[in-house]
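These are my notebook entries on one protein model. I set down what I looked up, entry by entry, beside the sequence and the structure.

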Amino acid sequence: MGKCLSCCEKPVPPGASHATASQPLHAPPLARPYTVLALDSKESSKLQQQHLLQQTPPGPADSLISSGGPTSAEKKMFTPYSKLPPTKRSTNGESKRTPVAAVTGGGSGVGVGREISEAKIVALFEKYRDEEEDAILEDGMEHFLSDLGVQPDEFVVLLIAWKCQAATMCRFSRTEFVRGCQAMLADSIKSLQGRFPELKAEARGRPEFKDLYRWTYKFGLDSETGQRTLPLDMAISLWRLVFSQNSPPVLERWLEFLEKHLNIRGIPKDTWDMFLNFTEQVGEDLSSYDDTEAWPSLLDDFVEFENDRQNQNVKTD
């Protein structure tokens, strides 16, 4: 089967004893018979290096194993670090690391472990895009909402438009639609439907609802005509819609007051914004309303109207 390591014994010099000649080269001890066809100089050098490594004193890593664990000084040298997020291969062949926020949920806890495809979002947009304009218009919007299984006047539709930061009703530009789907971590109809509960839960947060509320005013304006005041009928519809998840006690009386006064043609932005503060600061019976504060005049008129109505309902003996 070939020559064993004994063939590599040193030649016997003249005058040397047979015992000296029979000593083999210094090779690492073998646990089992080891045969080779030939042993060249490279292999011999390799065996010698292995032999030297076996004779090397144990290092820090060996001491850790033999002692059963690191010492306090060694712990500083072997401080553990958290693993980086997994890498994924992009379509152009380059390695692209998934953002930490996408893996951990970005601190909010929403969307943990979700991966979305921008190509799928674009394909979804193309499904509803208008033939002549690079946007989803009224017909495409109806088709889109029908596939989602929702009605145009549902609260979740307002939330989707808010996430898209849409500038106009019944219209999503390509940028708005892609941006909104990315913000909602959704790239299909099914994944959008699955986000409905989370969108509603998010809107219950005070800062999030405040942002949604103020954005809704701009959303209701007709930007094409440069409209700057929200028409009354539109304002009433949007007030009912934006408060549909958590309606303040005073809302219906406020809307009734507006509907009875036909001379009110529009709602300025400051009145819209301050009404949210009004619902938070003034009690249901309006007793904590202070007319010396800088409230819009329309709110002053409403409180006066309500006080007069309550006084008329008081029965006197």
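**Entry 1. The chain as a whole**

I first asked: among contacts in the protein chain between residues at least 6 apart in sequence, what percentage join residues at least 24 apart? I found 60%, where contact means heavy atoms within 4.5 Å.

I note that this is a predicted model, in which local features need pLDDT of at least 70 and side-chain atom pairs count only at pLDDT 80 or more, whereas totals for chains, interfaces and linings use all residues. Residues are numbered from 1 along each chain as its sequence is written, and side-chain values use heavy atoms, with hydrogens and water left out.

I then looked up the secondary structure and found 16 helices and eight strands in the protein chain. Helices (H or I, at least four residues) and strands (E, at least two) are DSSP runs, numbered from the N terminus.

Of the 317 residues in the protein chain, 31% are buried. I use "buried" for under 20% relative accessible area, "exposed" for over 50% and "partly exposed" for values in between, with a 1.4 Å probe and protein chains only.

**Entry 2. Helix H12 and its cover**

I checked the length of helix H12, residues 206-220. Its 15 residues should span 21 Å at 1.5 Å a residue, and the end C-alpha atoms are 21 Å apart, so the two agree. The expected span is 1.5 Å times one less than the number of residues.

Which residues of H12 are buried? I list Phe-209, Leu-212, Tyr-213, Trp-215, Thr-216, Tyr-217, Phe-219 and Gly-220. Their cover includes helices H8 (155-164), H13 (232-242) and H15 (269-281), together with strands S7 (230-231) and S8 (266-267).

I followed H15 to Asp-273, which is found in that helix. Asp-273 counts as buried because its relative accessibility is 12%. Apart from neighbours within four places in sequence, Asp-273 is in contact with Tyr-213 and Arg-214.

Angles under 35 degrees count as roughly parallel, over 145 as roughly antiparallel, 65 to 115 as roughly perpendicular and the rest as oblique.

The axes of H15 and H16 (residues 297-312) come within 9 Å and cross at roughly 45°; the two helices are therefore oblique to each other. Thr-271, Met-274, Phe-275 and Phe-278 of H15 meet Leu-298, Leu-299, Phe-302 and Val-303 of H16. I sorted the residues of the contact of H15 with H16 into seven nonpolar, one polar and no charged. Ala, Val, Leu, Ile, Met, Phe, Trp, Tyr, Cys and Pro count as nonpolar, Asp, Glu, Lys and Arg as charged, and the others, Gly among them, as polar.

For helix H14 (residues 251-260) and H16, the axes come within 10 Å and cross at roughly 100°. H14 and H16 are therefore roughly perpendicular to each other. On the H14 side I found Arg-253, Trp-254, Glu-256, Phe-257, Leu-258 and Lys-260, and on the H16 side Leu-298, Leu-299, Asp-301, Phe-302, Phe-305, Glu-306, Arg-309 and Gln-310. The residues of the contact of H14 with H16 divide into seven nonpolar, one polar and six charged.

Leu-286 is buried, with a relative accessible area of 5%.

Asp-290 belongs to the loop between H15 and H16 and counts as partly exposed at 29% relative accessibility. Asp-290 and Val-303 are 13 residues apart in sequence, and their C-alpha atoms are 9.9 Å apart.

Asp-291 is also placed in the loop between H15 and H16; at 55% relative accessibility, Asp-291 counts as exposed.

**Entry 3. Gln-165 and the cysteines**

I recorded a positive phi of about 55° at Gln-165, which is not a glycine. Gln-165 sits in the loop between H8 and strand S6 (172-173) and is partly exposed, with a relative accessible area of 36%.

How many disulfides does a search of the whole structure find? The search finds zero; a disulfide is a pair of cysteine sulfur atoms within 2.5 Å. The closest cysteine sulfur to that of Cys-181 is in Cys-164, 6.0 Å away, which is too far for a bond. Cys-181 counts as buried at 1% relative accessibility, whereas Cys-170 is partly exposed, with a relative accessible area of 47%.

Key:
Axes fitted to C-alpha atoms, helices over the stretch in contact; angles between N-to-C directions.
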